[in-house]
Amino acid sequence: MEAPLLPGGVIGILGGGQLGRMSALAARRMGYRVRTFDPSPAACAAAVADEHVDADWNDHEALARFAAGCGRVTLEFENIPPATVAFIAKSVPCHPSASVLAICQNRRREKEFLRDSGIPCADFTVVASLAELRGAVVKVGFPCVLKTADFGYDGKGQVKLPDAGADLAAAWATIGGGLGVLEAWVPFQMEISVLVARTVDGRAAVYDPAENVHRNHILHLSLSPARVPEATAAEACALALRIAEKIGLVGLLAVEMFVKDGRIVVNELAPRPHNSGHQTFDAHETSQFEQHVRAVCGLPLGGTRPLAPSAMVNLLGDLWRDGREPDWTRVLADPSAKLHLYDKGRAARGRKMGHVTVTAPTVEEAARRAEAIHAAL
Ligand code: AMP
């Protein structure tokens, strides 16, 4: 069995985005050294790491240099070639594993994993051609949604097909003609997500569901805890724990779910810290980033209790009107608001530049104050 990696050791993080940055901050606070790897020298995690290696994902010489001296390697986004993780895992324990990654970065494998594990998810059919799509819509029924099998997130690479009048040829062209997954549309009342952490020896900890509100397919607001009945929250947590065990997770996993008539339908898995868990930084016993570090290092897991109801609002590049930095004093004017900026440099439309977390006596009030702060920017 793998020995825990104690503070003072070196953690390698594949990927240098904001999730890597916040994981690095948590790790350094605990006394770990952090090394990041990203194709970009300007990756925002690099600024808070002890060392940064910028090279291509397939550059084995650079990967070997990165891995040398690391006690653990983890990742902060799932679109890393599994071969990269497999290469590193030959010399250093790497969590999550290449096989977890291979499932979570491909919708077909993810859906098949969920279905075969008996986890409730939307009905789906895999389609490899326009002709197959024409047959599949009859089987799945309208409305439905066509998604690329590979590399999709934040609603990219998907087309909703509302009714029999939908232009199937155009939809097929939109997803680029590779392999697709045609999914039944779920008329959900709410989107929630559950974070679960698991260690190599099978200890697990789960956070209460967060309630998520999207705008243009990008997370806008996340409320914690989600306003669902206790039984629904318990079902969501139980499903997340079951998935973590079944997939053989070591590390952190976010499970995105739909709530429909009080029941859960699992939508997507992300084996890393998640945008909908950012409020745990300021509003929970243990942040998802610290929990991520604890889980991959094999330490005891931290408590997951909320300290107060909270709301997290994303700060997208759209707020930088004409390239001007927003007036951050408007955020800090609310004494409970915590400002997190990722130091990404160039602000672009839809780019996640930071977030604000607000705590309040109720979720409703936290949501109202977070929205007011966002509007003031
Ligand atoms: P995804 O990229 O699969 O996470 O989907 C992005 C968003 O599209 C989700 O957060 C939902 O709001 C919506 N969506 C995706 N699949 C479905 C579905 N089968 N039924 C209803 N809404 C969906």
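Student: Leaving aside its neighbours within four places in sequence, which residues is Thr36 in contact with?

Tutor: Before answering, keep in mind that this is a predicted model. Thr36 belongs to strand S2, which covers residues 33-38. Once the neighbours within four places in sequence are set aside, the contacts of Thr36 are Ile13, Ala45, Ala46, Ala49, Glu51, His52, Val53 and Phe66.

Student: Is Thr36 buried or exposed?

Tutor: A residue counts as buried when its relative accessible area is under 20%. The relative accessible area of Thr36 is 0%, so this residue is buried.

Student: Which side chain is joined to that of Thr36 by a polar contact of 2.7 Å?

Tutor: One of the residues in contact with Thr36, apart from its neighbours within four places in sequence, is His52. The side chains of these two residues are also joined by a polar contact of 2.7 Å, and the partner you ask for is therefore the side chain of a residue that counts among N or O pairs within 3.5 Å. The name is His52.

Student: What is the length of the polar contact between the side chains of Thr74 and His292?

Tutor: Thr74 lies in strand S4, residues 72-75, and with a relative accessibility of 2% Thr74 counts as buried. Beyond its neighbours within four places in sequence, Thr74 is in contact with several residues, among them Ile11, Gly12, His95 and His292. The polar contact that joins the side chains of Thr74 and His292 has a length of 2.9 Å.

Student: How far apart in space are Ala270 and Leu195, C-alpha to C-alpha?

Tutor: Ala270 is part of strand S14, residues 263-270, and is buried, with a relative accessible area of 3%. In sequence, Ala270 and Leu195 are 75 residues apart. In space, from C-alpha to C-alpha, the separation of Ala270 and Leu195 is 9.4 Å.

Student: Turning to the whole chain, what radius of gyration does it have?

Tutor: The chain has 12 helices and 17 strands, and its C-alpha trace spans about 60 × 50 × 45 Å along the principal axes. For 377 residues, a compact globule would have a radius of gyration near 21 Å, and the chain agrees with this because its own value is 20 Å.

Student: What percentage of the contacts between residues at least 6 apart in sequence join residues at least 24 apart?

Tutor: Buried residues make up 57% of the 377 residues in the chain. Among the contacts between residues at least 6 apart in sequence, the share that joins residues at least 24 apart is 63%.

Notes: Residues are numbered from 1 along each chain as its sequence is written. This is a predicted model: local features need pLDDT of at least 70, side-chain atom pairs count only at pLDDT 80 or more; totals for chains, interfaces and linings use all residues. Side-chain values use heavy atoms; hydrogens and water are left out. Helices (H or I, at least four residues) and strands (E, at least two) are DSSP runs, numbered from the N terminus. The radius of gyration is taken over C-alpha atoms; the globule rule is 2.2 Å times the number of residues to the power 0.38. Buried means under 20% relative accessible area, exposed over 50%, partly exposed in between (1.4 Å probe, protein chains only). Contact means heavy atoms within 4.5 Å. A polar contact is a pair of N or O atoms within 3.5 Å; within protein, one must be able to donate a hydrogen and the other to accept it, and residues adjacent in sequence count only if both atoms are side-chain atoms.
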